[in-house]
Amino acid sequence: MARLPPSLAVPWAEQLGASLPPLLVEAERVAATVMPGLHGRRRAGPGEAFWQFRAYVAGDLVSRIDWRQSGKSDRLFIRETEWEAAQTVALWCATGPGMDWRSSKEVPSKAMRAQLLLLALSSLLLRGGERVRLFGLPRPFAGRQALPSLAGALAQMAPVPEDPRIARHARAVLFGDFWEPLEETKARIGTLAAQGVRGHMLQVLDPAEETLPYAGRIRFEGVAGSAAPPALVPRVEAVRELYAERLARHRAALAALAQSAGWSFACHRTDQPPETALLALHQILAPA
Amino acid sequence: MLTLGPIAFAAPWLLLALSVLPVLWWLLRVTPPAPKRQDFPAIGLLRDLPAPEETPSRTPWWLLLLRLVAAALVILGLARPVWGPSVAGRGDGALLIVLDDGWAAGADWPDRIAAAEAALANAARDGRRVALLPTAPAAAPEGVRATALMPAEELRGRLAALRPKPWAPDREAALAALNAWRQANPGPITTLWIADGLEHSASGDATTPFGEALAAAGNLTVARAEGRPTRVLIPPRAEAERLVVQLRTTPLPVPSEVVVLARTGDGRTLDRAVLPVPAHATEAEAALPLPLEIRNQVVRLDLDGTAGANATILLDERFRRRPVGLIAGGAESAAEVPLIGELFYLDRALSPFAELRRGTVEQLLQRRLSVLVLADRPITDEREREALARWVQEGGTLVRFAGARVAESPDGLLPVPLRAGERQIGGALSWERPQALAPFPEGSPFSGLVPPNEVTVERQVLAEPSAQLTGKTWARLADGTPLVTQEGRGAGRIVLFHVTANADWSNLPLSGLFVEMLKRIVSLSAGVAGAEGDTPMAPLETLDGLGRLGPPPPGAQPLAASRFGEEVASPRHPPGWYGSGTAGSDTAQRRALNLGAGIPAPRLAAALPASASLQGIGGVPTEQDLGPWLLAAALMLLALDLIASLWLRGVLGRGALAVARALPLALLLALPTSLAAQSPQPDGSAALATRLAYVLTGNAEVDAISHQGLVGLSDFVNRRTAAALADPYGVDPGRDDLSFFPLLYWPVLSDAPQPDAQATAALNAFMRQGGIILFDTRDEGSGEGFAPGARQALRRVTRDLTVPPLAPVPEDHVLRRAFYLLQDLPGRFTGGTVWVARDQDRANDSVSPVIIGGHDWAAAWALDARGNNPYAVVPGGTRQRTLAYRFGVNLVMYALTGNYKGDQVHVPAILERIGN
């Protein structure tokens, strides 16, 4: 089950997101390059809401004079609207056979859960009037009807979280299992941080990857397409504690490298309800 | 052959191989299983783990057992075991199978063939030669003949081709055939006689000599279905309002029931009759209450659940066509006068269900006639009287109506002698009141009908009182005087209505009762068949031994029409439909030859020779070859073993799932690719969402601006309105399908070529079907001179397009009001004139198919990848940009909703609501 069809995933994600208020991303440092949207810029510019009347100065278009206001006094006034801008949030979720793996039929695959969270988050963001873009896609999505087309565009998402087109001060949220060697992950996060992007990493894991519930003599092999050599474990129950220790160390390293880039890091297991992870994301992204 | 209880082995020496099984067990036990496999994404964490102790592992005992059982099954299966080997046809010498394949065999034909095949299988196993003697004569030239001795396999084909015959077996001919065969094959034989247990000759006993001859020839076994009655349907009797179905049967010691279905020609069942057959009875009958109109649709009667020619009766014209002749006493023209003519009411009453004929007595009697109605017509001519009397004797029904003329001169063709003159009951000079009808007596064909109160009789003719008068009366008045009398004469009858056929003497002809009475009289009469005499009728469709209609066999001969009553079904004349004349024409006639009409009542055959042994057929299945089943079971166990071993190694799970997932996917993929190869439009994605489109000009820079512009506009529209636009497409008119796009943006370059014929046709069709083209010359107003030559190019481009007469956009045009209220329609430039269609054209909701301007709108709308507007507006200001976007929104709304906003229909209602 690599991917839910958009016709199924979209209503599910919207239902999931309906329990939370629309998400207005904390945008404390909105640069001049950010596109028009809902965050009031506290200055005059293209927008709908009234901002101020200012005195007419030579060079202004005569057609911009607000005659009603000017009629109340001897001076001429020009009506200005508030410049509105929106925050862009870039989203990415890992794909590939490793993400499609699941330990049993009871739990969804990691890719499915990651995509569901991505769509639910997108739904919240779009409802909040923000822009959502996917890594590797040329244009951000905006507007409340954009969710189906976003779901349809998931297939064209870049396989790795790299996209030089992402503007500075955008936010990024990465979903994945982050089993790659730590150096690779570090390089990617570093690149993004150098672009001026701040973000959040959510590690989505299968319960079996955390608990290693197997027993007996087992030859572990990488999932299809992985070049990793197989590992023969004579008695799996004997190495379970050692595995848990290694997992904890890997996670600590991931958290550390996120922190060093100014990012945040969290974990999610596919047997937990997705609402938990979504609520955590909402709290991280929303203004305090 | 080795026999162990109910199982016999044809190749018993193979069982020795069972002794090898312990060796196999030891071999399997010493091979250790492979480690289990498991896919795991986090394999990096598992590498280079310190290795604890290794545990030895063995093949689990249940897998061992599975493999041993599979091997044992293979050995047993190859030893050719047979369950319950039959003893049919066991004996020495050649085997002669005598098979009764006459009409009585149809009911249990599969059982008979199964019994014969069981005997054949035995003979084949023992390597004996076999011959077959069917006792029913085959098609004409062959008659009854036994086959030569041959190997059993060869005879199996002949047996499979054998079908029951729709006629009776011929025991005498079979005896002769047997004798002839014995002369050719004098050796010792064993005989299996699969008998139907019936005596088929009309009288005498033809079974015993045949049975004794068989017993004398060798060891005789008689196979026979026990306790199964043989039933024959015979042609039904037609009565008023019903059909009496009749059945003959061999007696049964217990009462039973038989169901007969009345079917139409196309196989629908119209009705069913249940015939109770008492214990030891040989005949049964039951009525099918069918009105004449329905009965006329019934073409065959079938015994439910029984196959065979004996279970089917075909109903021909005799059960259907009722020609009725009408003759009036007075002048012919007067008889037809509406409301008072003598034949007027008769014609109205009879025409829905009978075929009416007019003419003189002589003319009418030349053809077959069921009923002749004489309305107040005395029969005076002696020759006429004789002809009528003879016709009634032969089965005709003569219906007479009284009247002044009959009352004057009664004749001999009346059911009762009449008193002279008539009786007047009501009227100016009478104290009596007009008489109503009494309820119809039992036994009258009218019984069951309820006479309405308003039917009264004022005048009638009176019968001479006599002792038989009550018995001859079908209907009488309330005071007891007969109203309808009848008398049977020969096969026919004469019926007299004591009133006139018009409303002169009574109002009976005005009531519905009159119709019902006539209907019953007509359905009581004998039907007529078309052809008579010696007209030869060729077989059209005949019944086979299983009661199915089909093309006649090659030996079938035509049959003279007069012989249908007595002809017995035979190979020359199989039961079925016979006909003469051209099909579909007036003269076409169809007659049915029914098996049940000719054969004698079924009776049980005499006892068999004492030396014969008896065997039942049907019921319990005969022997069964177990070999293939055991081998199949072994194969399944081996497959199970394969799955179990794969599962033990952990290969299953993912692998099987992947295969199961990939298989249907591969099939699905194979299908659409072949379909897509044929489709003229390889990319159907344009149809999946609403999107804007622009015309590709060939200039990369302009095309990029168009794309960016429409991207920006779509973005704006998505944000501000309920419309959801997908990414815009660049199209090439004439090559791409334009029908998916509501709006086409066309920047006209100065070097734009004239579109070719194909593109012109596509664009014209696009505009005709409601599409809008926005032509942009990019040189109007404040942009004057930016694109020299574009206007000439526009003229060139639109030369062949059906552009309507144009006018500048009026102040109240919908384009200015569709979403925002706009004074100007600026783009990157402003101040120029924008042109739309001048005239309102109701065809496309008055939407202008073209909008022409030069404000370079795409550049004003354009957004680059970072969300900036790369092109400055002229003269400038955020207001102009905003207005440009607003024009874009209005344009999209105009393209999507047409003149919805311009609809003035609702203005009065809106004004009223806001309180004006």
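View 1. Arg219(A) stands opposite Arg37(B), a residue of strand E3(B). The model is predicted: local features need pLDDT of at least 70, side-chain atom pairs count only at pLDDT 80 or more, and totals for chains, interfaces and linings use all residues. Residues are numbered from 1 along each chain as its sequence is written, while chains are lettered from A and ligands numbered from 1 in the order in which they are written. Helices (H or I, at least four residues) and strands (E, at least two) are DSSP runs, numbered from the N terminus. Glu221(A) stands opposite Asp39(B), also in E3(B). Strand E8 (residues 218-221) of chain A and E3(B) pair in the parallel sense, over four bridges; two strands pair if DSSP finds at least two bridges between them.

View 2. Three strands make an open sheet with mixed pairing, in the order E9(A)-E8(A)-E3(B). Strand E9 (231-233) of chain A and strand E3 (36-39) of chain B are the edge strands, each pairing on one side only. From one strand to the next, the twist averages 25° (axes are lines fitted to C-alpha atoms, for helices over the stretch in contact, and angles run from 0 to 180 degrees between N-to-C directions).

**View 3. The contact between chains A and B.** Chain A gives 42 residues to the contact and chain B gives 34 residues; two residues are in contact if their C-beta atoms, placed from the backbone, lie within 7 Å. On the side of chain A that touches chain B, the elements giving two or more residues are helix H5 (146-153), E8, E9 and helix H8 (236-260) of chain A. H8(A) provides the largest share of that side, seven residues. By class, the side of chain A that touches chain B has 23 nonpolar, nine polar and 10 charged residues (Ala, Val, Leu, Ile, Met, Phe, Trp, Tyr, Cys and Pro count as nonpolar, Asp, Glu, Lys and Arg as charged, and the others, Gly among them, as polar).

**View 4. Two nonpolar cores.** A nonpolar core is a set of buried Ala, Val, Leu, Ile, Met, Phe, Trp, Tyr and Cys residues joined through C-beta atoms within 7 Å. A residue is buried if 20 or more other C-beta atoms lie within 10 Å of its own, exposed if 12 or fewer, and partly exposed in between, with C-beta atoms placed from the backbone. The largest core has 67 residues, and those touching the most other members include Leu91(A), Leu121(A) and Phe175(A). Helix H4 (residues 110-127) of chain A supplies the largest share of this core, 12 residues. Neighbours within four places in sequence aside, Leu121(A) is in contact with Leu91(A), Val173(A), Leu278(A) and Leu281(A). A second, separate core of 66 residues includes Leu713(B), Phe741(B), Leu794(B) and Ala860(B).

**View 5. Covered elements of chain B.** In helix H18 (residues 700-720) of chain B, 15 of the 21 residues are buried. In strand E25 (residues 459-463) of chain B, four of the five residues are buried. E25(B) runs antiparallel to strand E22 (residues 418-424) of chain B, joined by four bridges, and Val461(B) in E25(B) is the bridge partner of Glu422(B).

**View 6. Ala761 of chain B.** Ala761(B) lies in helix H19 (residues 757-768) of chain B. Ala761(B) is partly exposed because 14 other C-beta atoms lie within 10 Å. The C-alpha atoms of Ala761(B) and Gly734(B) are separated by 7.4 Å, and the two residues are 27 residues apart along the chain.
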